[in-house]
Amino acid sequence: MKIRWMAVAVASVLAFCLVLAGCGSRDAGETRSPDASGSESKNESTGEVIELTMLSSWSPDTDRGRALHTIVDKFNQENAGKIKVTLDINPDWPSLQEKVKTMIAANQTPDIFNYNFNPNDLSRQQSGKLLDFSPYMDDEWRARFSEQDLQTLTINGELTSIPFEKAGILFYYNKDLFAQAGIREFPKTWDEFFEVCEQLKASGITPISLMTSDDAWHATNALSYFAASLGGTGIFDPGQPLDSPEMVQAAKYLKKLFAYTTPDALGGNYAVSSNHFIVGNTAMIIDGPWLIGSIPKDMWPSIGIAASPTFGDGKVPYGFTVTDTHTPWAAGKQPSKEREEAIVQFMKYMTSEESSKIFTLVGNILLSTKMELTDEEMAQAGPVLGQYIKINSQSTESLVNLVRYLKPAASAKIPSLIEGLVLDEYTPEEFAKQLQEANQ
Amino acid sequence: MTRRQLVMYLFPALSFTAVFFIFPIIFVLYMGVQEWNGLGSFRFVGLDNFYYLLEDPAFRKALVNTVYWILAGILLHTPLGLLLALILFKKPKGWKWFRTLFFLPNVISTTALAFLWYFVLHVSLGLVNNLLKSAGLDSLTRAWLSDPATAVFANMVPFVLYVGFTMVVFLTEMSTISPELYEAADIDGASDVQKDWFITIPLVKNAVAINVIFNTAFCLRMFEYPLLMTGGGPANSSLNLSLYMYREMITANRYGISMAAGILTILIGILAMLAVFGLLRLWERRA
């Protein structure tokens, strides 16, 4: 009797579980329905509105967010009654990336989303759930991009990402603080750079903002610049070891640089580091154009933009740049041709010259798309962005920041490795060796 | 109550426990022996994830730090809660006000408290260093959150100090003690300390057990303070098991290793609970 009741109980629980599990996995393994992404797509054949959801981290309280909202609103107005793009904003970039991955894994790939392209992590492209734009890439649209960018983003013959943002990382410096320390111009060699750091320090000014939390962005910018200056812009190319003598030397320089930063750089995040520069606590920072939006306008005349120093040995030309990786747009495979075409129409609008200008001038974003700014538009950009665009455009060689190349496991490890290097827990040789091992 | 009624009453709770606890645990066990980066298919790797964990210095550091957290919960947080409860149990002037004040942090978000303490312990803006400087103790100032020697302990400070919940559990248990015991002790001329030591503390051993178990469980899953105050750094010096699992899953996309770490954490939790129960039983026998 007892056994029978237990059997009934277990069977009931299992039945309950199966019902719940069945509800949760109804769409598993099937092509995603238009409703799965949360967008209320109606029957396109009847000519009703096609609704698309676009995932992004660009919140409207930022310059880039304002630009994105402006463009989406304009597109929606121009296509009223036909296509409607709805923005789904999550300002937390890492969690947004994780959400996108989870949605792809769950067969609910977002209609449109952006991500950091990493040639060592092609899991999104290899999922087979992204829309291939190559059939839609006509000559007119192709001409908006550089062939190199299109080739980079073409994986196994499929163009599943549209080139968009690819910003150069440059040196910002505070001219007033430089003047206080008796420095007239930004150094052109690394020896001069460290002399400048000494001069600033001697004048009671903290030379540079650095950070080690999250992706250690400002620190890895410096590391990438040191590495490229020593080993050329091909130092991170596929197959190149990360424990090369040049990387070891770059790690030594990075450690030296930490002697010239704020006490909270170790463990500090992007906000801490960039705020130090913005409020005038530090004289330099190595960052992308998005920082401009955070600099108060009354501080703009004090801000100088410069290219990286070199070792003057010809390994890299003066003016070379470390860049952020491509942050392209991608889209999920769609259940109907109409929805695919709606996405393509929107992406063409996003990458048009007019939209590119809005993104650059309003959003302070440097794009992969081709664009020519008039003198009037350059003046409209303001002195800091104007300098930025000019120096960035003079770059003849570039490489992507190391952290964007690393495999996720190495990327997760690099903050603690840099902290260990600075705290003497690892020698520069051990730092490079561990980085190489983590990247295998 | 018939067996049929018993099963019917238990069915809803049993069902939800199965769906939302047993099945996820089975899934974690399954994932612990797989390799998966969040997309694509799983790959069976046997015990490789566990071997990796045993060899990973970051995991070992996280394990040691989690033990520090548990020890802080048992040896610092719980006794401090007991001490405060003993003081408030004597109902000094304004005791109700103090009881509310001490409990208040328990209704404030841990995230807010973590940020508050981030700024209290900040190297240049922080209250602690500025107080030390104003007291002429400049030599004692340090980067509490950025120094590997102090980071993990700096993370523990808010947890150790905010003892409101622990204190309330003790006070509740103390309120059940018969006043006659204290009256008899007064007649015998016992001091306040003797009354606490020989009457109150032995009679709140159930509350001690509850608090030790709660605090051990809380320390095992502690996440917000290490994440928000130090991010597990510098150089993993303040990493704990929860943060290690989060980092492996979210940043490194190594779900299998994260799940294997989760399995070990569950085992450690079970062992910690068994040890706590064992010690409490020993205390009971000696008493």
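User: Which helix of chain B holds L279(B)?

Analyst: In this predicted model, L279(B) sits in helix α14 of chain B, which covers residues 255-286.

User: Why is L279(B) called partly exposed?

Analyst: L279(B) has 13 C-beta neighbours inside 10 Å. A buried residue needs 20 or more, and an exposed one has 12 or fewer. The value 13 falls in between, so L279(B) counts as partly exposed.

User: What is the C-alpha separation of L279(B) and A209(B)?

Analyst: The two C-alpha atoms are 9.5 Å apart, while the residues stand 70 positions from each other along the chain.

User: What makes residues of chain B count as touching chain A, and how many do?

Analyst: The test is that C-beta atoms of two residues lie within 7 Å. By that test, 32 residues of chain B are in contact with 33 residues of chain A. On the side of chain B that touches chain A, α1 (3-31) and α13 (241-251) each supply at least two residues. The largest share comes from α1(B), with 8 residues. By residue class, that side of chain B divides into 16 nonpolar, 13 polar and 3 charged.

User: How many helices and strands does chain A have?

Analyst: Chain A contains 18 helices and 13 strands.

User: What share of chain A is buried?

Analyst: Of the 440 residues in chain A, 46% are buried.

User: What share of the contacts in chain A with a separation of 6 or more joins residues 24 or more positions apart?

Analyst: Such pairs account for 76% of those contacts.

Note on methods: Residues are numbered from 1 along each chain as its sequence is written. Chains are lettered from A and ligands numbered from 1 in the order in which they are written. This is a predicted model: local features need pLDDT of at least 70, side-chain atom pairs count only at pLDDT 80 or more; totals for chains, interfaces and linings use all residues. Helices (H or I, at least four residues) and strands (E, at least two) are DSSP runs, numbered from the N terminus. Ala, Val, Leu, Ile, Met, Phe, Trp, Tyr, Cys and Pro count as nonpolar, Asp, Glu, Lys and Arg as charged, and the others, Gly among them, as polar.
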